[in-house]
Amino acid sequence: MSVDPPGRGLRGLRGLRKPAKKRPAAAATPAGTTDGPPAPDAGAPSAGSVINATLYRDGHRLSTHETLADTFRHLRTTAGSMAWIGLHRPSSSELVTLASEFDLHPLAVEDALEAHQRPKLERYGDTLFVVLRAARYLDDPEEVEFGELHVFVGPDFVITVRHGGAPDLPAVRRRMEAAPELLDRGPEAVLYAILDAVVDDYAPVVAGVQNDIDEIETEVFGGDPRVSRRIYELSREVVEFQRATRPLNSMLESLTAGFEKYGIDEELRRYLRDVADHATHTTERVDGFRQALQDILTVNATLVNQQQNAEMRALAEAGFEQNEEIKKISSWAAILFAPTLVGTIYGMNFDRMPELHWAFGYPFAIVLMAVVCTSLYVIFKRRDWL
């Protein structure tokens with residue numbers, strides 16, 4: 001990505017009193033009201049990825065603009081105002097424009113453009129850059145969908161860059177506009193509201209994953225052959241969920257330390273501590289999910305081995321029974337073969353054969369057959385072949 005190096009296109013970062021906030025997903029509402037689909041470009045530097053660009057003062061909406069240029073102009077000329085700009089997958093030119101106007105660090109701008117970042121909180125001079133992973137549970141496919149949110153927070157601006165569909169940023173904006181006394185506390189109040197929304201959105205995901213685990217336990221003991229694949233897929237989602245939630249605790253601790261340092265409103269500190277409590281609870285639940293899935297996988301492997309052993313025993317028993325039947329058949333075949341052999345020899349009708357014209361030849365042949373058959377029967381019987 002092309003971004004002006006420090007000292008050339010980007011000015012020194014301005015002071016920030018509080019930590020940066022993350023931006024939830026845009027919803028389908030007209031620009032100027034909430035962070036819905038992008039409004040048509042009015043011919044300024046902004047493009048179709050600008051979802052909402054609104055100015056606030058004293059906790060109330062002043063104006064909403066369709067272009068970044070209009071937003072910058074009104075922000076510079078309106079004392080005491082704050083800009084809340086929402087973007088969805090912006091282009092590099094838009095981010096460079098914002099970086100030039102608000103003195104954003106090139107590394108943070110590059111991260112916001114490329115996405116696929118781990119959750120983190122970084123300070124560039126007096127500006128905070130926050131990356132958050134939002135999540136929502138999809139009931140129909142029973143899957144967890146993750147979104148990525150990048151937030152820049154300055155003394156008079158909040159910029160959110162969304163990659164994905166979560167969280168519900170329009171609801172956050174409506175909540176803040178309905179509570180002007182909270183919005184009047186500045187960008188840090190917006191930060192709190194977005195953090196709160198992201199953490200609260202984890203609750204339905206936790207409930208959905210817990211329900212999936214309960215179903216998997218039933219399937220494991222029910223002998224469903226497809227359960228191994230489902231365990232694997234859910235384990236991957238839980239690992240991704242861990243990556244989204246685990247960094248939150250350290251990030252919120254850093255924010256709290258920053259609030260102390262910059263003298264942020266005590267009421268907002270209480271709000272942030274409440275968010276931290278919820279985040280800790282969520283992290284503990286997700287860690288428990290991973291351990292539970294590992295235990296389920298172990299139990300499933302044990303049950304599969306037991307089933308395979310039972311099948312092997314059944315096959316061995318069937319093979320043993322088959323061998324017993326083969327021995328019986330072979331024994332009777334040998335017994336019947338003896339008289340057949342004698343009769344075949346003496347039935348060749350050669351003129352010169354011993355005992356051919358012997359008066360006792362026939363009785364001798366019959367007795368011989370009986371003796372051989374009886375002997376074979378006794379031998380096979382003693383060996384339990386019959």
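Arg229 is exposed, with a relative accessible area of 61%. Here exposed means over 50% relative accessible area, buried means under 20%, and partly exposed lies in between (1.4 Å probe, protein chains only). The model is predicted: local features need pLDDT of at least 70, side-chain atom pairs count only at pLDDT 80 or more, and totals for chains, interfaces and linings use all residues. Residues are numbered from 1 along each chain as its sequence is written, and side-chain values use heavy atoms, with hydrogens and water left out.

Arg229 pairs with Glu233 in a salt bridge, at 3.1 Å from N to O. A salt bridge is a side-chain nitrogen of Lys or Arg within 4 Å of a carboxyl oxygen of Asp or Glu. An α-helix has 3.6 residues a turn, so residues three or four places apart point the same way. Glu233 is partly exposed, at 37% relative accessible area.

By this rule the model holds 19 salt bridges. Another joins Glu145 to Arg136, with the closest N and O atoms 2.5 Å apart. Glu145 is partly exposed at 28% relative accessible area. Arg136 is also partly exposed, at 37%. Side chains of opposite charge can pair when their charged atoms come close.

The side chains of Arg269 and Glu266 form a salt bridge at 3.3 Å, N to O. Glu266 is partly exposed, with a relative accessible area of 34%. Arg269, in contrast, is buried at 13% relative accessibility. Elsewhere, salt bridges with shared partners link Glu142, Asp212, Glu215, Glu219 and Arg230 into one network.

One member of that network, Glu142, has a positive phi of about 55° although it is not a glycine. Glu142 sits in the loop between strand 5 (127–138) and strand 6 (143–153). Its relative accessibility is 31%, which means that it counts as partly exposed. Asp103 is another non-glycine residue with a positive phi, of about 60°. This residue occupies the loop between helix 2 (92–102) and helix 3 (106–114). Asp103 is buried, at 3% relative accessibility.

The chain as a whole comprises nine helices and seven strands. Helices (H or I, at least four residues) and strands (E, at least two) are DSSP runs, numbered from the N terminus. Of the 386 residues in the chain, 42% are buried. Contacts require heavy atoms within 4.5 Å. Among contacts in the chain with a separation of 6 or more, residues 24 or more positions apart account for 69%. The accessible surface is about 19600 Å², and 54% of this belongs to carbon and sulfur atoms. Accessible areas come from the Shrake-Rupley method with a 1.4 Å probe; for residues, only the protein chains shown count as cover.

Helix 6 carries Tyr192. Tyr192 is buried, at 7% relative accessibility. Leaving aside neighbours within four places in sequence, Tyr192 contacts Arg175, Leu182, Tyr271, Leu272 and Val275. Val275 lies 83 residues from Tyr192 along the chain, yet their C-alpha atoms are 8.1 Å apart.

A nonpolar surface patch consists of Phe337, Leu341, Ile345, Met348 and Phe350, with about 490 Å² of accessible area together. Patches are made of residues with over 30% relative accessible area and no salt bridge: like charges are joined within 9 Å, nonpolar side chains (Val, Leu, Ile, Met, Phe, Trp, Tyr) within 5 Å. Met348 is placed in the loop between helix 8 (266–346) and helix 9 (361–382). Met348 is partly exposed, at 44% relative accessible area.

An unreviewed UniProt entry annotates residues 360–380 as "transmembrane region". UniProt positions follow the numbering used here, feature names are shortened, and annotations may be inferred rather than shown by experiment. In the model, the span is 95% helix and 0% strand, and its end C-alpha atoms lie 30 Å apart.
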